[in-house]
Amino acid sequence: MKAAIFRGNCEISIEERPDPRTEAADECLVRVMACGICGSDVHPYASASPPDAVMGHEAVGEVLEVGEGVTRVRPGDRVAVYAVSGCGECANCRRGRITWCEDQRGSVNGGFGELLVAPERNLLRLPVWIDWMRACLLTDVLGTPMKAIRTAGVGEGDTLVVLGCGPIGLGAVQVGVARGARVMAVDPLEYRLALARKLGAEAVCSPDKESTVDAAKRWSGPGADFALDCTGAEGMALTALDSLRPGGTAICVGRNMRMEFSPWTHIIRRDVKLGGSWYLHYEDFDELLRLCRAGQLDALPLITHRVPLEEIARGFELFSRHEDGAVKVVVLMGLR
Ligand SMILES: [Zn+2]
Ligand SMILES: [Zn+2]
């Protein structure tokens, strides 16, 4: 098969690799149709010594072969690939709350190759009415904000500040609006704020021009009910906390490795909560399908560019340099 391999320092080559094969009884072979380029792909792409494996964790495709122990999917099924593997046996895995599994066994990648192998439990069946492009946003791009927003309890009429308008932040704008929240979107890039408005954000803020905390307080009155950090940038979790009204809730989904704060000043005295949320649970996927089916959510406007596998290097350049209005760039694999 053909696959894109990171060569280090932002170089990508298209190589011929052996077709992956199913080994365990619960594994399936999938022909990849499309795979999104994600912010978390940019680190290995830019690294001097990237992994030799085929990356790509936002894949959708068609099941070609199934192992003898597989019962839920069949050849010909259309599926989205869930990238966190879990152990498959604990109570959390069985309930589709795989990110809560305490025995993680790596992740399911391979979306930038023509074929991939995944355990059956990592394949989410797609209904016939959803197309490949929309479907490939239902895991990470919309699922990550859906789980964060759902578990935090954001509801009708609540105010929600979304920090960062990359694909996940803009997905959060869409999910927040679909759940009836009033949304303020924050990002330094004007074209991303324009898209946030189009997707239903009531207010926008460019942190280069005004303080996010001031803008959030002016917009929401006492401060926002909820704030979601989709940037992962250092200091942004504090900005999220400080944008809240007393009693509000901040959730981090951006991969932030560091935070310094005073529990007394930032949390206790203001009665606010700080939490985190990683990826999605299967119930979030079901809820997204329900919203899409009901016409309350359309992922398509997030996709600004589609590139064939042969042009994946251009896709990564557009995405990582924020060129040409890029938000979500999808690599067309089996699709042409
Ligand atoms: Zn992703
Ligand atoms: Zn488990």
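Start with the open sheet of six strands, whose order is 10-9-8-11-12-13 and whose pairing is parallel. Keep in mind as you look around that this is a predicted model. Colour strand 10 (203-205) and strand 13 (273-276) next: these are the edge strands, each pairing on one side only. On average, neighbouring strands of this sheet are turned by 20 degrees against each other, direction ignored.

Zoom in on strand 9 (residues 182-186), which runs parallel to strand 10 and is joined to it by three bridges. Here you can find A185 standing opposite V204 in strand 10.

From that pair, step across to A196, in helix 6 (residues 190-198). Beyond its neighbours within four places in sequence, A196 is in contact with C165, L170, V173, A185, A201 and V204. Is A196 buried or exposed? A196 has 27 C-beta neighbours inside 10 Å, so it counts as buried.

Finally, show the largest nonpolar core, with 108 residues; V81, V162 and L228 have the most contacts inside it. Strand 3 (residues 27-37) gives the largest share of this core, eight residues. Domain 1 (2-139 + 280-332) and domain 2 (144-276) both contribute residues, so the core lies between them. Finish at L228, whose contacts beyond four places in sequence include P145, A148, I251 and V253.

Terms used:
Residues numbered from 1 in each chain as written. Chains lettered and ligands numbered in written order. Predicted model: local features only at pLDDT ≥ 70, side-chain atom pairs only at ≥ 80, totals over all residues. Core = buried A, V, L, I, M, F, W, Y, C linked by C-beta atoms within 7 Å. Buried ≥ 20, exposed ≤ 12 C-beta atoms within 10 Å, placed from the backbone. Helix = DSSP H or I, 4+ residues; strand = E, 2+ residues; numbered from the N terminus. Domains from an automatic or database assignment. Contact = placed C-beta atoms within 7 Å. Pairing = 2+ DSSP bridges. Axes fitted to C-alpha atoms, helices over the stretch in contact; angles between N-to-C directions.
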